[in-house]
Structures are given as structure tokens and as C-alpha cells.
Amino acid sequence: MKYNFDKLTSRKNTGALKWDAMEEVFGREDLIPLWIADMDFRVAEEIKEAVKNRADHEFYGYSEINDSFYESVIKRAKEKLGWEIKKEWIVVTPGVIPALNTAIRSMTHPGDNIIIQEPVYHLFFPTIRNSGCHIISNPLKLINGKYEMDLEQLESLFESKMGHNPYYKPIKALLLCNPHNPTGRMWNKEELTEVGKIAIKHDLKIIIDEIHSELIYSGEKHCSFGSISKDFEQNSIVCFSGTKTFNLAGLHVAVAIIANDKLRKEFKSTMEGIVPEPSIFALTALEAAFNKGDDWLKQVLEYLEDNLNLLYEYGERFKGINVIKAQGTFLIWLDCRELNMNHTDLSNFFINTARVGLEDGILFGKGGEGFMRINIAIPRSLLEKGLKRIETALNTL
Ligand SMILES: Cc1ncc(COP(=O)(O)O)c(C=O)c1O
């Protein structure tokens, strides 16, 4: 089936956070919403049919995760992550964020340390802090427009200072994001291997968020952390879903792939009584997406790539804004530092002069100030309207 992603469908007053919370978030409603990470594209017909069929059954009791669901995840992991996983490794959660929270709580005590690579997806911060842990920063480096991991600084975090451990409590894990939100960078096998070796050397677990792993641009290939080696498989918790890929974020479902028996046991016991199973509709939708959504996905990826190219074209003309080249995700990172505005003025410029709702870079932690994140998963005419508004606003400066 050929989808028409150009079609504008109003999502206002449907309880869509992206459209209905603009007044609350930005203080005005007349913005083009280019912020939170969902797509303004209808779902695949096959997913809609599967959810409708399930709804028609008229019994919405507690869910059991069927073998067919596990098989769809195993097949997807093999095809898309290049990773042969076993059914018993899969723990289903109502989202990647619940999975990350559970992972951290399952392997730490209050006061322990977790490393992150900033700027990074903003919900990583409360995920760590609310688990009672401290954040240690291993900021990314921006070199000639490309983000790199700083592995030297990572190693230095473990160097003893004045003859004793640099931290009072242990560093338990490194929380990674690949593809990386908000920079659009995809960590390759070599980079992940280096970081994975450092983790093993210092007895750190890798918790990795691979939710964007199927949203990648032509010529790119995702390398799933667990697929690299048996040692890495045993030393990690890989969180994966199809909710970003297939635009199902409001349904809430993800999987934590945990090959290590001890880690999995602790993860499951941490979940008990707190983290519910995802709803029957979420399970139904994700299984349909993985089994039947590829035709839709192919078209979405082509559409997104054209949107990305449109953004790059505008980027050439934007005075003072550099678009960071993305390898994956529909969330693109804009370097606005040449505008020389302080944080309040920059935010005010986008909201009140350009009238577009972008995500404020400061949310993403260190290295986020002076940046903005734009969501390009929107019908092209609206994206173009937003980009024109930015261009016009820049020309008034
Ligand atoms: C990197 C990343 N992880 C996790 C999430 C949220 O995942 P979930 O809705 O499954 O909790 C997002 C949403 O934008 C994201 O970008």
C-alpha cells in the first residue's frame, strides 16, 4: 500500500501531547510543533487492523505474552539488530524508560554512580536520580561537526586520586544511547567495542537504549551492542522497541534483552508489583508492526530522508545555525551557538519570533546550551512552513 505522509490530519484535542500541550510547554498555541518524539504520520494499516480486531474481541482482561509475540521479537532482533537472542532473555516492559529505571534499580544501591554521555536524552537524568544514584558525566566531544565519545575521559574516571578510589560509592553502569538522541550519531562496532572493553575492565554494566535503531538513513547500519560478542552480551541490558519506529509511543511497550541470568533475575524481581505488563493493545500492535510493518517503514524512512535533506537545504541558508549531520533518528540537533544568544533569548527567539516549538538543548545536559532539537517527522508542508519561519526570523536579526 502506498501511504500519503503529506496528508495533514489535525491531532488537536485528541490528547496528543505534541499538539495539545503547547500552551503549557511553550506558553502559546500558535507554534508549529517540532518537538516531542512522535511522528505526525498515521500508523501502518496492518497495525490499525490488528488493534481493531483485538478491540472487537470485547474482552480486555489481564494479558499473557504469547509465543507469537516472543517470536516476532526474536525474528526482529535477528533481522534488524543482527543478534540471535533467546526467548528467555526477553523481558517485556511498558516502555524503554521503565526498562532503564528497572535496570538501574536492579543493579545499584542508593548513592552508587552511573555514567552518561551528555548531551543525552533528557529522561536519562531523572531515571538515574530517582533511582537514588549519582550521575557522572562523560561528555561527548564535538569535533568538526561530528560527535565522538571521549574514551580517555571515560578511563580517567577510574583513576585513583591521591591513592584512593575517586568516588566514595562504586560506579555501577554506563547508560548509552544508540542511535544517540539528540545528536543523531550512530555508534559503530569499533566505538562500541572500545567502550565495552572499558566497561568490562572496570566492572561496569552497559545499559543501552536502542529505541531509535530502525530509524536510520541510507548507507547507515545499526550495530546492536549485544551482537558484538558473548562477553558484551553477558555484560549488558539492551532496551529495544518498535514504538518510535512505528509511531506507537502512546501504546507503551518495549523489551529489555538480558542474556545474563543473574542480571535478568534481579531485573525481574525489581519489576515485581511495580511495573505492569503492557496492555493487550500494545502487545498486539508491536507484534503486527514487527511482522507486517516493513512496507510502511520503508516509505517512512524515504520520507524522513527527504525531510532531512530539506532541513539541510534550509540549514545552508540559516545564518548562525548549523545543522548537525544525522545518521539516524528523526530528531535533529541544531547548533545555534553562532547566534550568540543567551539561553533565555534563544528560547524566546524560537518561540516568540520564529513561532516554532523545538526542544530546548539545555534539557539534554552538558553541551546542550546553545543547541535546539528539531523533530522532522511531520508532513513536509508543515516542516517547510516551520523552516521558513526560522529563516524569516533569522533575517530579522
Ligand atoms: C532515546 C529515547 N529513549 C527512550 C524514549 C522513550 O521511550 P518509552 O516511551 O518507550 O519509555 C525516547 C523517546 O523519545 C527516546 O528518544
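In the predicted model, helix α10 is followed by Gly 273, a residue whose phi is positive, near 80 degrees. The helix itself spans residues 261-271, and its buried residues are Leu 263, Phe 267 and Met 271. These three residues lie on the same side of α10, because the arc that they cover around the axis is only 70 degrees. Such an arrangement can be read against the geometry of the α-helix, in which 3.6 residues make up a turn, so that residues three or four places apart point the same way. The other side of α10 carries exposed residues, namely Asp 261, Lys 262, Lys 265 and Ser 269. The packing partners of the buried residues of α10 comprise one helix, α5 (96-107), together with the strands β2 (90-93), β9 (236-240) and β10 (254-257).

When neighbours within four places in sequence are left aside, the contacts of Ile 207 are with Leu 100, Ala 103, Ile 104, Ala 173, Leu 175 and Ile 237.

At the level of the whole chain, two domains are assigned, of which domain 1 is made up of residues 17-43 and 294-395, whereas domain 2 covers residues 50-292. The C-alpha centres of domain 1 and domain 2 are 25 Å apart, and the contact between them takes 27 residues from domain 1 and 29 residues from domain 2. On the side of domain 1 that touches domain 2, helix α12 (294-317) and strand β12 (331-335) each supply at least two residues. The composition of this side of domain 1, by class, is 14 nonpolar, 8 polar and 5 charged residues.

The surroundings of the ligand were also examined. The ligand is surrounded by 13 residues, and the closest of these are Ala 37, Gly 95, Val 96, Ile 97 and Asn 181. Divided by class, the shell around the ligand holds 8 nonpolar residues, 4 polar residues and 1 charged residue.

Notes. Residues numbered from 1 in each chain as written. Predicted model: local features only at pLDDT ≥ 70, side-chain atom pairs only at ≥ 80, totals over all residues. Domains from an automatic or database assignment. Contact = placed C-beta atoms within 7 Å. Helix = DSSP H or I, 4+ residues; strand = E, 2+ residues; numbered from the N terminus. Nonpolar A, V, L, I, M, F, W, Y, C, P; charged D, E, K, R; others polar. Buried ≥ 20, exposed ≤ 12 C-beta atoms within 10 Å, placed from the backbone. Arc of directions from axis to C-beta. Near = placed C-beta within 6 Å.
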